[in-house]
Amino acid sequence: MSGPDHHTYKKMELVGSSPDSIEDAISNAIERANETVKNLRWFEVVETRGHIEDGKVAHWQVTIKIGFTLEE
């Protein structure tokens, strides 16, 4: 039996994208996950990459792992 400070977490990997920034790409992934997954708790950035057009960054892609608690 688990007490109140014992949690089991699960991780999922997502790729967020944005034409504006790395932070926006991360936020887009988290906001989308929050629509279908409960109890989101933390994230870690796994990979950052982007698309270049005409010598400028045109699009950011950020791979993140999101941790969430499993329901009791």
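Modeller: Residues are numbered from 1 along each chain as its sequence is written. Because the model is predicted, local features need pLDDT of at least 70 and side-chain atom pairs count only at pLDDT 80 or more, while totals for chains, interfaces and linings use all residues, and side-chain values use heavy atoms, with hydrogens and water left out.

Colleague: Thanks! Why is T69 called buried?

Modeller: Buried means under 20% relative accessible area, exposed over 50%, and partly exposed in between, using a 1.4 Å probe and protein chains only. T69 has a relative accessible area of 8%, so T69 is buried.

Colleague: And what makes E35 exposed?

Modeller: Its relative accessible area is 60%, so E35 falls on the exposed side of the over 50% cut-off. R32 has 49%, so R32 is partly exposed.

Colleague: How do you know that K11 forms a salt bridge with E44?

Modeller: The rule asks for a side-chain nitrogen of Lys or Arg within 4 Å of a carboxyl oxygen of Asp or Glu. The closest N and O atoms of K11 and E44 are 3.9 Å apart, so the pair qualifies. K11 lies in strand β1 and E44 in strand β2, so the pair ties together parts that are 33 residues apart in sequence. Strands here are DSSP runs (E, at least two residues), numbered from the N terminus.

Colleague: What makes R49 and E47 a salt bridge?

Modeller: Their closest N and O atoms are 2.7 Å apart, so R49 and E47 meet the 4 Å rule too. By this rule the count comes to three salt bridges.

Definitions and conventions
Helices (H or I, at least four residues) and strands (E, at least two) are DSSP runs, numbered from the N terminus.
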